[in-house]
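This briefing concerns the aromatic side chains of one protein model. Please consult the sequence and the structure below while reading.

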Amino acid sequence: MGLDGLVVVSDPYLQRRFSQADLRALQAQYAGLRDASPSGRLRLRDLPAALSGLGVGGAGKGNAEKENSAPGAGAQLTEEEWASVLKAVPRADDRPQQGVSFELFLRVYAEMQVRLKGAGAGKKAGGGGGITRSSSSSAAAFLTAATTTLLHTISESEKASYVGHINAYLAEDPFLKNALPIDPTTDHIFHLTKEGVLLCKLINLAVPGTIDERAINTKKLLNLWEKNENHTLCLNSAKAIGCTVVNIGTQDLAEGRPHLILGLISQIIKIQLLADVNLKSTPQLVELVEDSNEMEELMSLSPEKILLRWMNFQLKKGGFQRTVTNFSSDIKDSEAYACLLNVLAPECCTKPSPMSVKDLLHRARLVLEHADRMGCKRYLTPKDIVDGLPNLNLAFVAHIFQKRNGLSKQLKQVSFIDGLSDDAQVSMEERSFRLWINSLGISTYINNVFEDLRNGWVLLEVIDKIAPGSVNWKMANRPPIKLPFRKVENCNQVLKIGKELKFSLVNIAGNDIVQGNKKLILAFLWQLMRYNILQLLRNLRFHSNGKQITDNDILIWANKKVKDSGKRSQMDSFKDRSLSTGIFFLHLLGAVEPRVVNWSLVTKGEKDEEKQMNASYIISVARKLGCSIFLLPEDILEVNQKMMLTLTASIMHWHLKRPTPYSLDTENGSACETSSTSTSDDSASESSFDDNGTR
């Protein structure tokens with residue numbers, strides 16, 4: 001083990017093949033096997049049985065047993081193949097009397113994984129035989145896939161689908177066009193994401209304008225510091241569009257860890273494809289409901305559930321008898337797809353019809369050909385349909401919805417949609433709270449604040465996150481909750497804890513939350529958010545004496561930082577109209593980290609267009625530093641008092657929690673690990689509202 005937990009290996013081949021995360025995991029396994037040996041050392045002949053104990057590649061009795069095993073985890077090498085593995089592995093540094101070294105253990109593990117992957121490839125191609133380290137370039141691809149799935153597996157079908165999406169949508173991007181198209185049969189996608197640019201571009205594709213692309217480091221050769229900034233910007237921006245990134249850090253992106261990168265890409269693409277599956281973007285979805293009760297239910301559904309409801313609505317038109325409840329087992333036979341496409345695009349039907357074909361793969365192929373004639377991207381193969389891969393089937397149905405949803409262009413005139421659209425203020429506040437709650441890593445994902453909080457359970461989860469130990473879970477009622485009074489009990493406990501935290505809770509009762517009172521829910525949520533960021537600031541070393549932090553402390557700190565940097569701008573309060581120019585916040589960001597602001601991109605902020613450009617740049621620069629914020633440029637332009645407070649507090653929190661002095665290796669430009677993981681610690685500092693919940 002090297003400095004700061006770095007696992008050092010001398011063999012360049014091993015350095016290329018294994019990430020630091022893999023090396024740490026394998027080193028722990030190696031140490032455990034060695035310590036478990038009676039002699040305190042591993043012998044070469046012990047490795048087949050030892051690795052078998054780990055559940056990978058154990059020696060089998062012969063080819064007959066192996067034929068029934070899939071390649072990869074759980075598959076077995078025969079005794080003859082193990083002998084071949086041990087013979088193929090270089091052993092220049094082998095010292096039998098000292099036992100198997102860690103690097104020799106790595107070589108055996110790597111070769112074993114290559115053989116397992118090679119066996120699988122040989123079956124598919126009709127051939128046999130193992131792949132040695134030097135046999136072909138494909139061995140490197142197999143090895144990368146195997147080693148990076150040491151603790152997690154990735155779907156090659158999903159990888160190919162997402163690569164196809166990236167190739168199609170980002171082909172004309174000025175920065176990426178020379179790197180595209182990406183070959184989906186290789187792991188190049190994971191290497192390309194190490195720069196951080198591709199993921200930032202993908203986020204902007206999903207939710208345009210999320211990242212001010214002027215803040216992305218895009219020069220030809222990026223140093224480690226610049227790559228880390230891109231990764232930090234990516235993760236904070238991903239949170240700002242609704243991705244769950246609690247267990248992903250910048251180091252994971254820098255190492256190109258496939259299962260984490262693929263998971264993040266999957267979330268981003270899913271957000272893009274489901275962007276219109278809601279009543280605000282597609283009000284024609286009102287066709288799916290018959291009365292106000294159904295409307296209330298529809299508003300509380302996730303986009304995936306709405307998509308299923310839309311699909312069943314269309315299937316009913318076609319006389320389909322079953323109800324589709326998932327994007328996996330219910331559509332494996334392609335019958336639902338065949339009916340759906342016939343309803344939406346009957347003019348694209350050809351013979352033979354999918355339903356006249358008994359072979360499931362053939363039927364799925366005909367369904368995809370129908371979709372092609374509609375102009376829909378496939379996102380999946382016939383085998384993916386038959387295998388019931390949920391993520392790819394969801395992507396396919398979402399794309400069909402985008403292309404042709406079959407809903408009436410004339411909005412259904414019914415009385416219960418009159419109150420459907422909130423004013424812009426309420427909508428922006430709901431968005432900020434929803435994204436903030438989802439960033440906390442609680443078990444429940446929120447789709448609509450006003451609907452999803454009404455049973456009180458999510459609020460208890462949030463409180464437990466920001467004030468651990470304050471919730472009496474024995475008195476809490478877990479969803480699903482059918483009896484209204486049980487929901488009231490949860491909400492009453494929420495308010496009881498709020499009073500203990502000194503919240504202002506005048507004229508609010510538990511039943512107000514159950515009834516979905518928007519004003520009171522917003523007022524309570526802002527107090528949770530404000531409490532959280534002030535607690536985060538209070539717990540920093542700068543205030544280790546336990547001093548309570550106030551809004552005025554944050555204001556004084558910000559003005560002092562700007563003044564000490566030699567700038568003259570200041571804010572009189574968080575309502576100061578001069579903040580709309582963006583100049584003060586740019587000065588503040590430059591004060592806490594001088595190199596982060598490119599002043600050639602800053603405007604005077606005199607015209608509306610200039611203010612908009614500055615506001616957009618401020619948000620991306622703050623996220624690039626490590627601030628987890630959910631405000632919009634409009635919040636700066638309108639000088640939203642609460643958002644101004646929490647933006648300032650987030651910058652203050654980032655500045656005070658970083659190492660002192662800020663650790664930077666000036667020779668290679670790499671930031672210290674503490675700063676690179678700062679994106680997940682201040683997720684409560686996003687947006688806030690004043691004590692009575694008004695603007």
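Are Trp-310 and Phe-401 buried or exposed? Both Trp-310 and Phe-401 are buried (under 20% relative accessible area; exposed is over 50%, partly exposed in between, with a 1.4 Å probe and protein chains only). The model is predicted: local features need pLDDT of at least 70, side-chain atom pairs count only at pLDDT 80 or more, and totals for chains, interfaces and linings use all residues. Residues are numbered from 1 along each chain as its sequence is written, and side-chain values use heavy atoms, leaving out hydrogens and water.

**Aromatic pairs**
- Eight aromatic pairs are found in a search of the whole structure (ring centres of Phe, Tyr and the six-membered ring of Trp within 6.5 Å; planes under 30 degrees apart are stacked, over 60 edge-to-face, the rest tilted).
- Tyr-30 and Phe-102 form a tilted pair, with 5.4 Å between centres and 50 degrees between planes.
- This pair links helix α2 (residues 20-36), which holds Tyr-30, to helix α6 (residues 102-125), which holds Phe-102, 72 residues apart (helices are DSSP runs of H or I, at least four residues, numbered from the N terminus).
- Tyr-30 is buried at 9% relative accessibility, and Phe-102 is buried at 12%.
- Trp-310 and Phe-401 form an edge-to-face pair, 5.2 Å centre to centre and 85 degrees between the planes.
- Trp-310 lies in helix α15 (residues 303-317) and Phe-401 in helix α19 (residues 390-403), so their pair ties together parts 91 residues apart in sequence.

**Cluster**
- One aromatic cluster is formed by Tyr-30, Phe-102 and Phe-105.

**Charge over a ring**
- Lys-567 lies over the face of Trp-599, 5.3 Å from the ring centre (NZ of Lys or CZ of Arg within 6 Å of the ring centre and within 35 degrees of the ring normal).

Note on methods. Helices (H or I, at least four residues) and strands (E, at least two) are DSSP runs, numbered from the N terminus.
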